[in-house]
Structure formats: structure tokens, C-alpha cells
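The sequence and structure are shown first.

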Amino acid sequence: MWPIAFQLIKTALVGVVAVGVAFYIYSRQNCIDESPLRADERRRRSLQGEKSPELRKVIIDKLNSGTYDCNICLEEISRNDEIVSCKKCYTINHLRCIKSHCESSGGSGRSPHCPSCRKSIDYELQYYCFCGSNFNPMPIEGVTPHCCLSRCTNRNCRLQCHPGPCAERYREN
Ligand SMILES: [Zn+2]
Ligand SMILES: [Zn+2]
Ligand SMILES: [Zn+2]
Ligand SMILES: [Zn+2]
């Protein structure tokens, strides 16, 4: 009777130890995978490499095909419209729509905020090309609407005047 009970206990102990070791290895692997460095690296890569070119491309395609709609009046933003682009979320609206939006929210005493990202509008409400080099730019044939032919004024950007986020030059390290 005793040797059998002893044998059972021994088997159970070996089983518990094996499960424990397996769990330890598993949690170590997960821990390595979720270390702050890796998470940081992932975030950095997704910011630089995936999201921003995608957003820029969507805006450019819509502007070129005349399918970008102002989210205030819900009407199309055409090549000949005066526009303003949020410096924070890159959303484009008609200049006249943003101006009336600011006037109507001005009564509340708070500084006007972007209708898309809700961040405060602390930039000039004037019609400039996207890079800001040209005031009241004329449409250029074959060029994305509201863009000029200059280089982006952000010195770290490798693009010509463009809507949406800048494309940082790739830096070593
Ligand atoms: Zn509008
Ligand atoms: Zn915004
Ligand atoms: Zn420009
Ligand atoms: Zn740029």
C-alpha cells in the first residue's frame, strides 16, 4: 500500500515541477518580448514607417481625385477653394468653414479648437500652400492641389510641399 502511495506522490511532484519549469520558461519569453525597449522600437517604427505615409497618401489621392470632403460643411474641397490644414492632425477644411467655426466657438470664451482633433488652433487662418511658402497659391497643373513646387520648409523632411505628415530623412542609429 505504502509504496504505491509514495509512487503516486513522486509522480505528482515531478508533474508539478515540470509544469512550473514550463511556465517559468514561457513567462520569461513573454517578458523578453514585452520589454520596454521592444515596445518603444515597435512604436517608433510604426510612427515612422507605416502610419504617416499612409495618411499622407490618402490625403493626396483624395485631393487629386476631388473626393476630399470638408468635415464642417460636408462639401468637396476643390482645387480652387481656399483651405487651411490643421498643423496637429493634418485635417483639411475650407478656410471659410474654419473661420465660421472659430467665430461660433469664440463666444464660449475658450480658444477655438480644431473640429477634428479638438486641439487649440494656434496657427494663422489664412490660405497658404501646405509648406507655408506661398500666400494664396494659384493651382498648378499636374501638381497636388494647394501644393507649391518648393521643398517642404521642414528641413528634416525629404519631400516637396505636401499635405499630411512630413517624411523624415532616414537617420543612422
Ligand atoms: Zn467646408
Ligand atoms: Zn486638428
Ligand atoms: Zn508650398
Ligand atoms: Zn514635410
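Where is the place of Tyr 90? Tyr 90 sits in the loop between S1 and strand S2 (92-94). The sections below place this residue and others in the context of the model, which is predicted.

## Overall architecture

The secondary structure of the protein chain consists of three helices and two strands. Read from the N terminus, these elements follow the order α-α-β-β-α.

Of the 173 residues in the protein chain, 17% are buried. Among contacts between residues at least 6 apart in sequence, 41% link residues at least 24 apart.

## Confidence of the model

The protein chain has a mean pLDDT of 82, and 68% of its residues reach 70 or more. Confidence is lowest in helix H1 (residues 2-33), where the mean is 62, and highest in S2, where it is 98. Over residues 30-35 the pLDDT falls below 50, and this stretch has two contacts in the model beyond near neighbours in sequence.

## Residues with positive phi

Most residues other than glycine have a negative phi. Tyr 90 is not a glycine, yet its phi is positive, at about 70 degrees. Is Tyr 90 buried, partly exposed or exposed? Tyr 90 is partly exposed because 17 other C-beta atoms lie within 10 Å, whereas a buried residue would need 20 or more.

Arg 118, also a residue other than glycine, has a positive phi near 65 degrees. Arg 118 belongs to the segment after H3. Arg 118 counts as exposed because it has 9 C-beta neighbours inside 10 Å, and the cut-off for an exposed residue is 12 or fewer.

Ile 60 is part of helix H2. With 17 other C-beta atoms within 10 Å, Ile 60 is partly exposed. How far apart in space are Ile 60 and Gly 164, C-alpha to C-alpha? Ile 60 and Gly 164 are 8.3 Å apart by that distance, although 104 residues separate them in sequence. Apart from neighbours within four places in sequence, Ile 60 is in contact with Thr 144 and Pro 163.

## The segment after H3

His 113 is located in the segment after H3. His 113 is partly exposed, with 17 other C-beta atoms within 10 Å. Its C-alpha atom is separated by 7.5 Å from that of Cys 102, 11 residues apart along the chain. Not counting residues up to four places away in sequence, His 113 touches Arg 118, Lys 119, Ser 120 and Ile 121. One of these, Arg 118, is the residue with a positive phi described above.

Arg 151 also has its place in the segment after H3. Arg 151 is partly exposed, with 14 other C-beta atoms within 10 Å. The C-alpha atoms of Arg 151 and Ser 133 are 9.3 Å apart, with the two residues 18 apart in sequence. Asn 156 lies in the segment after H3 as well, and counts as exposed because it has 10 C-beta neighbours inside 10 Å. Asn 156 and Cys 166 are 10 residues apart in sequence and 8.3 Å apart from C-alpha to C-alpha. Beyond its neighbours within four places in sequence, Asn 156 is in contact with Cys 166, Glu 168 and Arg 169.

How values were computed. Residues numbered from 1 in each chain as written. Chains lettered and ligands numbered in written order. Predicted model: local features only at pLDDT ≥ 70, side-chain atom pairs only at ≥ 80, totals over all residues. Helix = DSSP H or I, 4+ residues; strand = E, 2+ residues; numbered from the N terminus. Contact = placed C-beta atoms within 7 Å. pLDDT = per-residue confidence, 0-100.
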